[in-house]
Amino acid sequence: MLALQLERILRRIERARLAYNAHQIISLVAVSKYQNADSIRALYECGQRAFGENKVQDLRLKAQILDDVPLEWHFIGKLQENKINALLALKPSLIHSVDSLKTAQAIQKRLQTLLGEAKVRALLQINAADEKSKSGVSVESAKEVYDEILQTCPNLIMEGVMCIGANSPNRTEVEQSFQKTSDIFHSLQDKGAKILSMGMSGDFEIAIAYGANLVRIGSKLFEGH
């Protein structure tokens, strides 16, 4: 069942990729926040390697249980300041959700004081639809904040940007949120941005049409599991 669902999702990603650009390479992060360790292990056995969690305590628990499996863990949730130490100790492959300069500088401080010269890969989260329910920097301030992080947080390896598509039944609004994020991403490529993380179970094909090269999919992968 999981193998079939993974295959279906990969086929849909491939179709969307080819429609956008045959040279584009797209990574899939399986969002495992509602899944137990057995489901994650089963999907790993189907060939999936990258998994995303949005709570530090869940990531820690699952990483401990699955310690024997070489998983690539991504942190995709809102990072509270009092959880930064615990997250960094887990050495995530990528933090998608640096949602402010304040958060970036708090991570920088911990990296310097706790772990010497440790570094962590990260993305700047953009609130592209300007929704009060979502974290992230505004479209207008994104470039400035990204620059400021580059200048003041040498231990954060900034690799690009992330957004969550507009929470709207109106496809045009969803497209606009992806377009704005894509424009910011392209304007930051000369500063080392190479990851455009956007698109989830309900809108990943639209995101790929706007240049996403990393998609985060959960419910569509694990349905019925």
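Is Ala 16 buried or exposed? With a relative accessibility of 12%, Ala 16 counts as buried. The notes below start from the whole chain and then go residue by residue. Keep in mind that this is a predicted model.

1. **Overall make-up.** The chain holds nine helices and eight strands. Find these elements in the structure before you read on.

2. **Overall size.** The chain has 225 residues, and a compact globule with that number would have a radius of gyration near 17 Å. The chain has 17 Å, so the value agrees with a compact globule. Along the principal axes, the C-alpha atoms fill a box of roughly 45 × 40 × 35 Å.

3. Of the 225 residues, 50% count as buried. The chain exposes about 10,900 Å². Carbon and sulfur atoms supply 48% of that area.

4. **Charges.** The chain carries 28 positive and 26 negative charges.

5. **The aromatic pair.** A search of the whole structure finds one aromatic pair. The partners are Phe 51 and Trp 73, with ring centres 6.2 Å apart and planes at 50°. Planes under 30 degrees apart would count as stacked, and planes over 60 as edge-to-face, so an angle between those limits is called tilted. This pair is therefore tilted. It links distant parts of the chain: Phe 51 sits in strand S2 (residues 50-53) and Trp 73 in strand S3 (residues 72-75), 22 residues apart.

6. **Cover over the two rings.** Phe 51 has a relative accessible area of 0%, so this residue is buried. Trp 73 is at 11% relative accessibility and also counts as buried. The cut-off for buried is under 20%.

7. **Ala 16.** This residue belongs to helix H1 (residues 2-20). Which residues does Ala 16 touch, not counting those up to four places away in sequence? The answer is Glu 205 and Ile 208. Ala 207 is 191 residues from Ala 16 along the chain, yet their C-alpha atoms are separated by 9.2 Å.

8. **Ala 42.** Ala 42 lies in helix H2 (residues 37-45). At 22% relative accessibility, Ala 42 counts as partly exposed. Ala 42 and Met 198 are 156 residues apart along the chain, and their C-alpha atoms are separated by 25 Å.

9. **Ser 135.** Look in the loop between strand S5 (120-126) and helix H6 (142-152) for Ser 135. Its relative accessibility is 21%, so Ser 135 counts as partly exposed. Leaving out residues up to four places away in sequence, Ser 135 touches Lys 78, Asp 99, Gln 125 and Asn 127.

10. **Glu 131.** The loop between S5 and H6 also holds Glu 131. Is Glu 131 buried or exposed? At 17% relative accessibility, Glu 131 counts as buried. Neighbours within four places in sequence aside, Glu 131 is in contact with Gly 165, Ala 166 and Asn 167. Ala 166 is 35 residues away along the chain, and the C-alpha atoms of Glu 131 and Ala 166 are separated by 7.8 Å.

11. **Asp 130.** Asp 130 has its place in the loop between S5 and H6 as well. Its relative accessible area is 66%, so Asp 130 is exposed. Check the backbone here. Asp 130 has a positive phi of about 55°, although this residue is not a glycine.

12. **Lys 91.** Another positive phi, about 50°, belongs to Lys 91, again not a glycine. Where does Lys 91 have its place? Look in the loop between helix H4 (84-89) and strand S4 (94-98). Lys 91 is exposed, with a relative accessible area of 71%.

How values were computed:
Residues are numbered from 1 along each chain as its sequence is written. This is a predicted model: local features need pLDDT of at least 70, side-chain atom pairs count only at pLDDT 80 or more; totals for chains, interfaces and linings use all residues. Side-chain values use heavy atoms; hydrogens and water are left out. Helices (H or I, at least four residues) and strands (E, at least two) are DSSP runs, numbered from the N terminus. The radius of gyration is taken over C-alpha atoms; the globule rule is 2.2 Å times the number of residues to the power 0.38. Buried means under 20% relative accessible area, exposed over 50%, partly exposed in between (1.4 Å probe, protein chains only). Accessible areas come from the Shrake-Rupley method with a 1.4 Å probe; for residues, only the protein chains shown count as cover. Lys and Arg count as positive and Asp and Glu as negative; His and the chain ends are not counted. The place of a charge is taken as NZ of Lys, CZ of Arg, CG of Asp or CD of Glu. Rings of Phe, Tyr and Trp (its six-membered ring) pair if their centres lie within 6.5 Å; planes under 30 degrees apart count as stacked, over 60 as edge-to-face and the rest as tilted. Contact means heavy atoms within 4.5 Å.
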